[in-house]
Amino acid sequence: MITVFFFFPVVAALFMSFTDFDIYGLSDIGFVRFIGLSNYADLLNDPLFWTALKNTFYFVLVGGPLSIAVSLGAALLINSRLVRFKSFFRLMYFVPVVATLVSVAVVWRYIYHPRFGLLNFALDKIGIEPIDWLGDPVWAMPAIILLAVWKNFGFNMIIFIAGLQNIPEELYEAARIDGANAVSQFKSITLPMLAPTMLFVGIITMIGYFQLFAEPYVMTQGGPVNSTLSIVLYMYQEGFRWWNMGYSASLAFVLFLIIFIGTLIQLRVQKRGYEG
Amino acid sequence: MEAVKLRLVSTGLLFSLMLILNGGCAKDGDVTTVRFWVMGAEGEVVEQLIPIFEEEYPHIRVRIQKIPWTAAHEKLLTAYASNSTPDICQLGNTWIPEFEMLNALEALDSRVDESTIIDADDFFEGVWQTNIIDDRLYGIPWYVDTRVLFYRKDIFEKAGFSKPPETWQELYELSQNIKSLAGDTERYAILLPTNEWTPPVIFGLQAGSNLLRDSGTFGDFSSEEFREAFGYYAQYFYEGLAPVGVTQVTNIYQGITEGFFTMYITGPWNVGEFRRRLPGHMQDKWATAPLPGPDENYPGVSIAGGASLVVFNESDKKDEAWKLIEFFSRPEIQLKFNQLSGNLPPRLSTWEISDLKDDPHIRAFYQQLDHVVPLPQVPEWEQIAMKIQQYAEIVSMRRMTVAEALAALDDEVDRILDKRRWILSRSD
């Protein structure tokens with residue numbers, strides 16, 4: 001089963017990335033040429049590829065840590081003994097994760113509307129000029145990040161809560177007796193004890209965020225001026241809109257390589273972090 | 001990647017499940033179900049005509065699937081690749097070369113020869129031609145489409161224009177007048193949405209550009225004609241005469257009612273929409289006019305667009321699908337279709353039995369249809385049009401100069417056409 005449904009498609013895609021399989025190839029297989037590494041060479045000369053790569057890294061490097069920080073913050077709040085109605089908040093924070101992105105996007109498009117949007121209305125109250133969130137190339141990606149963080153933080157929050165509940169209460173009691181305040185408790189107990197959870201969350205979030213697709217697909221179609229075009233969205237457009245399958249497959253493998261390297265780096269760095 | 005793959009597998013499963021279910025109920029008794037894909041606003045309109053057809057042909061049921069224009073192209077290609085094309089479909093006539101090349105379409109010549117309803121001589125010549133590739137006919141025109149200028153009469157008068165602009169120069173001066181009327185309020189003269197490729201392409205055609213050169217194997221966008229047109233187009237954004245970006249106006253009907261913009265270059269379907277969606281007090285304030293041209297020759301050219309009905313090769317209900325095409329080609333049905341959608345009929349006899357030519361909003365289209373030019377007939381056109389749109393947006397936001405953008409556009413279009421050059425060189 002795994003051979004048929006996993007290895008075969010992957011090998012076929014790898015092979016396809018060495019061909020110029022496209023819409024002509026669809027009509028007559030004789031129109032497909034084996035072109036070696038040409039697709040990969042074309043990628044390096046393709047301004048849109050670099051734009052997509054830059055946007056994707058922007059999203060991962062800003063959105064990823066932000067999402068983890070918000071998840072951790074929410075988890076700490078909910079786990080705190082001072083908070084009441086824990087399960088209510090846990091549920092509310094988790095709701096966006098379950099909601100369908102398309103319906104969420106419709107609502108957020110209105111929130112971001114330059115003339116009638118809720119967000120600009122609020123900004124106006126504190127004296128900030130209206131911003132064309134999804135229409136301005138500078139603000140479109142931050143708007144997408146904000147949406148993605150809001151939509152996804154609940155999932156990591158649940159994992160963090162599980163991690164927090166596994167930290168023995170005695171450690172905190174001992175620390176309090178030694179006179180440690182909240183900040184140093186967080187630094188010396190919570191963070192180190194959460195390290196394995198953090199590693200897991202970090203890698204899963206990174207992989208997920210590298211595959212940014214649905215948010216820009218629904219909200220902006222990659223615009224304005226391609227400022228929210230991600231690698232996967234570009235891959236989708238090349239592959240399914242124009243049917244340039246060979247080129248699209250080579251994009252997929254470049255993304256695979258990037259995620260693979262990113263995961264290795266995280267493993268190395270974080271392991272050193274809690275072993276050393 | 002994983003997610004996409006998973007989705008592909010599940011879509012595949014879903015499709016096969018649908019096929020099984022279809023097979024189960026398609027031949028329920030003696031009733032045959034024809035699958036009909038319709039795009040955009042036509043979808044809602046067609047639903048009102050189908051009952052007439054089904055009453056006449058009780059053994060045929062029509063199942064309509066509505067597809068938004070923005071997703072139509074990829075849906076059709078995906079359907080073709082997965083052998084799940086519909087029986088009959090609406091196809092923009094610039095897409096016909098592409099699907100003909102894929103061998104996806106059924107040639108209709110012999111059916112037209114035998115038909116007592118469809119007569120080639122009764123259709124607008126230029127539009128009929130866009131359905132012919134290598135002497136074979138692949139589609140029957142459903143409606144004709146060209147673009148004209150929609151505008152607010154009252155604002156024109158305030159800006160000192162008693163009649164619509166006839167040259168580029170007049171259009172520009174008028175736009176400046178409208179802009180200065182607005183003072184400090186945020187108002188624009190003309191809406192040139194950068195998610196539509198038609199405005200820059202029309203200006204290019206008006207200036208005499210062929211868009212592509214050497215029988216459609218290279219881009220010709222750095223040519224003097226296109227550069228002039230593109231520069232003229234860009235000016236509207238640079239000088240604040242047209243809104244930059246597409247998020248400003250989410251509802252064009254509200255936009256024109258508020259006077260947020262005064263002019264919009266668009267097609268016949270919007271006559272119906274304007275009548276339906278603009279409030280009552282607006283109805284005597286808007287009008288249409290043929291497009292201004294770069295010089296004294298009025299009107300300037302516009303594009304020969306429209307949509308045809310096609311039958312897919314894969315279909316096993318071609319006879320029933322053809323019955324539906326004949327139904328939609330009957331003058332009285334075309335007239336009903338026109339009344340419901342505002343789309344203009346492709347048959348001359350339909351124009352004869354109606355009072356369309358006397359309609360003040362339609363007259364501009366009738367005049368414009370005498371001044372239309374076809375778009376390049378290459379399978380890659382849709383992809384090229386998207387590139388034009390992309391660079392138009394880049395220029396409107398001042399990310400590149402006109403010259404830089406056009407050089408880059410030529411580069412990209414040449415790359416898109418690389419495969420076509422190879423295939424043409426092989427068949428020589």
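The crossing of helices α17(B) and α18(B) is right-handed. In this predicted model, the two axes come within 10 Å and cross at roughly 160 degrees. Angles over 145 degrees count as roughly antiparallel, and therefore α17(B) and α18(B) are roughly antiparallel to each other. Helix α17(B) covers residues 381–396, and helix α18(B) covers residues 402–416.

Which residues of α17(B) and α18(B) make the contact? From α17(B) come Q383(B), I384(B), K387(B), I388(B), Y391(B), I394(B) and V395(B). From α18(B) come V402(B), A405(B), A408(B), L409(B), E412(B), V413(B) and I416(B). Sorted by class, this contact has 11 nonpolar, one polar and two charged residues.

**The sheet of chain B**

Now let us turn to the strands. Chain B has an open sheet of five strands with mixed pairing, and their order is β2-β1-β3-β14-β6. Strands β2 (60–67) and β6 (140–145) of chain B stand at the edges with a single partner strand each, so one side of each has no neighbour in the sheet. On average, neighbouring strands here are turned by 20 degrees against each other, direction ignored. Helix α2(B), residues 42–56, lies across β1, β2 and β3 of chain B. This helix α2(B) runs at about 180 degrees to β2(B).

Strand β3(B), residues 88–92, pairs with β14(B), residues 305–311, in the antiparallel sense over five bridges. Strands β6(B) and β14(B) also run antiparallel, joined by five bridges. Here are some of the residue partners you can look up:

| Residue | Partner in β14(B) |
|---|---|
| L91(B) | S308(B) |
| G92(B) | A307(B) |

Is β14(B) mostly covered or uncovered? It is mostly covered, as seven of its seven residues are buried. In a regular strand the side chains alternate between the two faces of the sheet. In β14(B), G305(B), A307(B), L309(B) and V311(B) point one way, while G306(B), S308(B) and V310(B) point the other way. The residues of both groups are all buried.

**Where the chains meet**

How many residues does each chain bring to the contact? Chain B brings 25 residues and chain A brings 26 residues. On the chain B side, α1 (2–26), α3 (69–81), α17 and α19 each supply at least two residues. The largest share of that side comes from α3(B), with five residues. By class, the chain B side divides into 12 nonpolar, eight polar and five charged residues.

Leaving aside residues up to four places away in sequence, I423(B) touches Y24(A) and F31(A). I423(B) has 15 C-beta neighbours inside 10 Å, so it counts as partly exposed.

Chain A has 13 helices and zero strands. Its C-alpha atoms fill a box of roughly 80 × 50 × 35 Å, taken along the principal axes. Of the 276 residues in chain A, 36% are buried. Among the contacts in chain A between residues at least 6 apart in sequence, 65% join residues at least 24 apart.

Terms used:
Residues numbered from 1 in each chain as written. Chains lettered and ligands numbered in written order. Predicted model: local features only at pLDDT ≥ 70, side-chain atom pairs only at ≥ 80, totals over all residues. Pairing = 2+ DSSP bridges. Helix = DSSP H or I, 4+ residues; strand = E, 2+ residues; numbered from the N terminus. Axes fitted to C-alpha atoms, helices over the stretch in contact; angles between N-to-C directions. Contact = placed C-beta atoms within 7 Å. Parallel < 35°, antiparallel > 145°, perpendicular 65-115°, else oblique. Left-handed = near helix turned anticlockwise from the far one by under 90°. Nonpolar A, V, L, I, M, F, W, Y, C, P; charged D, E, K, R; others polar. Buried ≥ 20, exposed ≤ 12 C-beta atoms within 10 Å, placed from the backbone.
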